[in-house]
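Work through the exercises below with the structure in view. Try each task before reading its solution.

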Amino acid sequence: MKILQQVLFIFLLIIFLAAIPSIIEIDPAEKNISWNWSGLGKGIGDFMNEILNGSLGTYQIGNQIRYISDDIFGYFLTSFSILLAGVLSVIVIGLMLGIFLSQLRITRFIHMLLNVLSAIPDFILIIFSLVLAIKIYEVTGVRIIAFSPESGVLNIWFPMVLTAIAPTLYLFKLIAVQYYQTSAEDYIRTAVSKGMGTNYINFQHVYKNIEPFIIAELTKVVSLAIGNLFIIEYLLNVPGITKFIFQSNQFQPVAIGLFSMLLISFIIYMSIRFVLYIFKRGFIYE
Amino acid sequence: MAEKLLEIKHLKQYFNIGRPNQVKAVDDVTFDIYKGETLGLVGESGCGKSTTGRTIIRLYDATGGQVLFNGEDVHGKKSKSELKKFNRKMQMIFQDPYASLNPRMTVADIIAEGIDIHGLAKGKKNRMERVYQLLETVGLNKEHANRYPHEFSGGQRQRIGIARALAVEPEFIIADEPISALDVSIQAQVVNLMKKLQREKGLTYLFIAHDLSMVKYISDRIGVMYFGKMVELAPADELYKNAMHPYTKSLLSAIPLPDPESERTRRRILYDPAAHHYEENEKVEMRELAPGHLVFCSEKEFEQYKTQYKK
């Protein structure tokens, strides 16, 4: 019942968000904003009609009108792969630096660096990374990024890296704090006094106790990554799902875009949970 | 005379060495522990009792001195197999039964961890049999094996901690305030269990505590620590009857008695380290006042204590 309520609430929220451009009207002559609530009803009606007729509708790019169904699969796949790679790297880097390699001296230096970086807002980090990539091209002639959607990997790998930055800083800080807290517990001292190795203690005792925090924060990590994806796809001209949201203010593409984004985040969340489960079953004695 | 199991010689454990905030947690401490005995270690909070225990078991690398276990240097360079052998012989029970058990592991896994690492069980069935046996030894039953620590009371958790320590058949157990976090009614149960196990398995204990009446009850000998130094070491009865060092006297005067009349008239002796008036090059060390009764004092104080000593 609770899940049904949540699903209904999310559905209505997305519909409302998608309808906002058609509800709000700006009167340039009067210089004021007016609310046109009839736009909401019309938008929902059209949207439901299209869906019930087995069509996703159309969207507009410049002067072109295209079918959403023609482009949605490619856009979905692009956004999904960027987000999956980004969130997976967040988990891997967070776990490696936060737990398994935290004893190394170089990791301590990286800890310090990441702590400094985490004080900088994520959109500044993204813009700084873009400027850096351009400077690298100017100095060395090596192309790191490409703004053309036809550039293949060059148009994809940099967004993957940028998507991972802010969530990595967030998750790493969380894991590092939990690690220091957990490693001071008496059961860790007991394990040390029994002569167990660092790796064994990290896997059997530390990871087991940090895992619930990672799972609890996973939704936050995915939402941070999605927030960054909006900025990155727009700035780097990536042909992802946000094209439906940014390219037009029509109800249909915005609603489809937001629903697709929700589906992507759900699949990513479940995939990471599955990866963590496999990791636990594979490496940790239960 | 019983055989020495552990010899602690001039043990030093300093923290923040070379910095302005250097701490001498354990400073030149020397004592022996004999096979089958319980040596109680008492002193106020922060005097270095727990650090002494942790340094003995190698939780900390000693700054100086030696810890000899069955004649072998514990802190000396050791191969992996030697270390493994040593780790099996020496176990530790911690103060807080809530923090000393991994909340994400079942009781069976907690107890069997040592068994697995040292390969003491052949197969899963044998492993579980040993776990059940250990649970019964500490007064729990086999139904408890698949539960998690949060499902137990403090006393039961401490019993699990004891079972975990016993799992590898150790010779020596460092009990770091094992009853401090327990309810008074449970404290006696746990101490009696430890005494019973000592009789049955010939264990040797280093019992760290600050409950002086409980220490007297369980210990054969008692060492008193103050500010990182051992100030008095004597057989339990002897220490309570003939305390010589002013700090020991102060500590004993703080023991509450279950008698309102004597509590009203009880005079607390305060200890002031400046009262010793040691001269600059005066040698202050542990001196034997009577057989087995050592006091940390200067030559002048030693002569004074000898006259005060009641035979």
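**Exercise 1: two helices of chain A**

Task: Find which residues of H3(A) and H8(A) meet, and describe how the two helices pack.

Solution. Step 1: in this predicted model, the H3(A) side of the contact consists of A:Ser79, A:Ile82, A:Leu83, A:Gly86, A:Val87, A:Val90, A:Ile99 and A:Phe100. The H8(A) side consists of A:Asn202, A:Val206, A:Tyr207, A:Ile210, A:Val221, A:Val222, A:Ala225, A:Ile226 and A:Leu229.

Step 2: sort these residues by type, which gives 14 nonpolar, three polar and no charged.

Step 3: take the geometry. H3 (residues 68-100) and H8 (residues 198-235) of chain A have axes 10 Å apart and an angle of about 145° between them. The crossing of H3(A) and H8(A) is right-handed.

**Exercise 2: chain B against chain A**

Task: State how many residues each chain gives to the contact, and which helix of chain B gives the largest share of its side.

Solution. Step 1: chain A gives 13 residues and chain B gives 16 residues.

Step 2: on the chain B side, helices H2 (80-89) and H3 (107-117) each supply at least two residues. The largest share, three residues, belongs to H2(B).

Step 3: by type, the chain B side holds nine nonpolar, four polar and three charged residues.

**Exercise 3: the domains of chain B**

Task: Locate the two domains of chain B and describe their contact.

Solution. Step 1: the domain assignment places domain 1 at 4-227 and domain 2 at 246-311. Their C-alpha centres are 29 Å apart.

Step 2: six residues of domain 1 of chain B touch six residues of domain 2 of chain B. On the domain 1 side, helix H7 (212-218) and strand E9 (221-226) of chain B each contribute at least two residues.

Step 3: that domain 1 side divides into four nonpolar, two polar and no charged residues.

Terms used:
Residues numbered from 1 in each chain as written. Chains lettered and ligands numbered in written order. Predicted model: local features only at pLDDT ≥ 70, side-chain atom pairs only at ≥ 80, totals over all residues. Contact = placed C-beta atoms within 7 Å. Helix = DSSP H or I, 4+ residues; strand = E, 2+ residues; numbered from the N terminus. Nonpolar A, V, L, I, M, F, W, Y, C, P; charged D, E, K, R; others polar. Domains from an automatic or database assignment. Axes fitted to C-alpha atoms, helices over the stretch in contact; angles between N-to-C directions. Left-handed = near helix turned anticlockwise from the far one by under 90°.
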